[in-house]
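Please report on the helices and the surface of this protein chain.

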Amino acid sequence: MATRFIFLSFCLLFSSTLTISNAKIFPTFPSSRITPEKLSSLISNSKDSQGLYKTKYHTQILDHFNYNPQSYQTFQQRYLINDTHWGGSKNNAPIFVYTGNEGDIEWFAQNTGFMYDVAPKFKALLVFIEHRYYGKSIPYGGNKEIAYKNASTTGYLSSTQALADYASLIIDLKKNLTATDSPVVVFGGSYGGMLAAWFRLKYPHVAIGALASSAPILNFDNIVSPYSFSNIITQDFRSVSENCYKVIKGSWKQIEETAKKPGGLEKLQKAFRICKSEKNLAIESWLSTAFVYTAMTDYPAPSNFLNPLPAFPVKEMCKAIDDPKTGNDVFAKLYGAASVYYNYSGTAKCFDLNGDSDPHGLSEWGWQACTEMIMPTGGDNKDSIFEESEEDYDARARYCKEAYGVDPRPNWITTEFGGHKIGLVLKRFASNIIFFNGLRDPWSGGGVLKNISKTVLALVEKEGAHHVDLRFSTKEDPQWLKDVRRREVEIIGKWISQYFQDLAQ
């Protein structure tokens, strides 16, 4: 949805000698921003793209909401399509659309197996639309240097523009396929899940329903506690091992104290196998990132979404920390835990903390996190697994002004889409939305966790992680996950049946 957004101007203290960061990191959605190894093989090593989709392009307008001359500029928006099981336009067979997230659409298409798994049952056409300014859907002729140059050219990157893109593309696609009566259901996870829910609210004439998985639409404007994100991560680790929790919680102070001692930075570099070329140690951010992402992707089966991970990776991390072979060596324990996330494949010889690898093209999320996606999730209370701290909006605002020349609009999302008193509001006009949340996912604290009406439903699973329901089914799937997906299929089936009944009248 893609984690903790790392404001590099705060995280790194630049110097000609080794330094260590003790700065705050801010959570957003998953990314592989700090990596120990080249991750370009992730896509090719995940579900084989051969046969999953065909690549198409749609000529999209730059600005849907103004009539200035520059608004009429166009760009090529990528979408992926799979018609293997489609029942065809003559049968008004349904169209399932994934509302693309903040990254390369192929990455999401290859990690949203649920849509492929259910397509045969519904005889559905599958479409995955790439979000503007990500992947290959870059305005200004695909020139990233121009598109990302400044606020004037990047200013067309927003959720509202993206939703209008999706509506325009879907309507045009249905027309070209002579499928104007085919019902559309939108799907999305994380930020894509937010977009799916908002799309149903904003464009009910285009989509008959939405499955919004792990969509934290309440993580705005102080609707939920800024401590909820780290509280859930803390509980994830603490529920596995109290000792694991205590070791991690106490490690931050030990890292800081070691760094201040003569030769301390070199000791840390050696303990954590930091590449020799490193001049700046962002160890605390590096470790925090691993704990955050692992909690988010604590799936019951091996996965390759962010990094290659084993099943139940939080347990594996705690197993490394609780390993009696490491004795009282806290750094050895942390190294073992971090290796579960950063080096489960065992191929990395050292870790490049300052690497700029971005294999999934997520970098422009920084712009969105500085304009409209202001999600206060940076608080840590005294029981947090991280160092105690407060959400610091002023620090974010200063960074955004420095990096992008913009002032954040923290109230815009709730103005545009709502959020306050959501139950009271949505039960009066909304329908046909499924909100799935797994309570082991840190983002579930900002999710819809209760049914709002008979047709705006919350599916909540205690053991679930970040949009786990949308992943390909596996033989390792527990019964609760099978039940969640079965329930989602039943609900979507009812939407489609009701649509056809209405169409026949």
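Helix H10 covers residues 242-260 and has 19 residues. A kink of about 35° is centred on Ser-251 in H10. The bend at a residue is the angle between axes fitted to the seven residues ending there and the seven starting there. Ser-251 is also one of the buried residues of H10, which include Tyr-245, Trp-252 and Ile-255. Buried means under 20% relative accessible area, exposed over 50%, and partly exposed in between (1.4 Å probe, protein chains only). At the start of H10, a side-chain oxygen of Ser-241 comes to within 3.4 Å of the backbone nitrogen of Asn-243.

This is a predicted model: local features need pLDDT of at least 70, side-chain atom pairs count only at pLDDT 80 or more, and totals for chains, interfaces and linings use all residues. Residues are numbered from 1 along each chain as its sequence is written, and side-chain values use heavy atoms, without hydrogens or water.

Here are the spans, first C-alpha to last. The expected value is 1.5 Å times one less than the number of residues.

| Helix | Residues | Span | Expected |
|---|---|---|---|
| H10 | 242-260 | 29 Å | 27 Å |
| H12 | 283-296 | 20 Å | 20 Å |

In H12, 14 of the 14 residues are buried, so this helix is largely enclosed by the rest of the structure.

Leu-424 lies in helix H18, residues 422-429. Leu-424 is partly exposed, at 41% relative accessible area.

The protein chain has 19 helices and 12 strands. These are DSSP runs: helices (H or I) of at least four residues, strands (E) of at least two, numbered from the N terminus. Buried residues make up 60% of its 505 residues.

Methods:
Polar contact = N/O pair within 3.5 Å; in protein donor to acceptor, adjacent residues only side chain to side chain.
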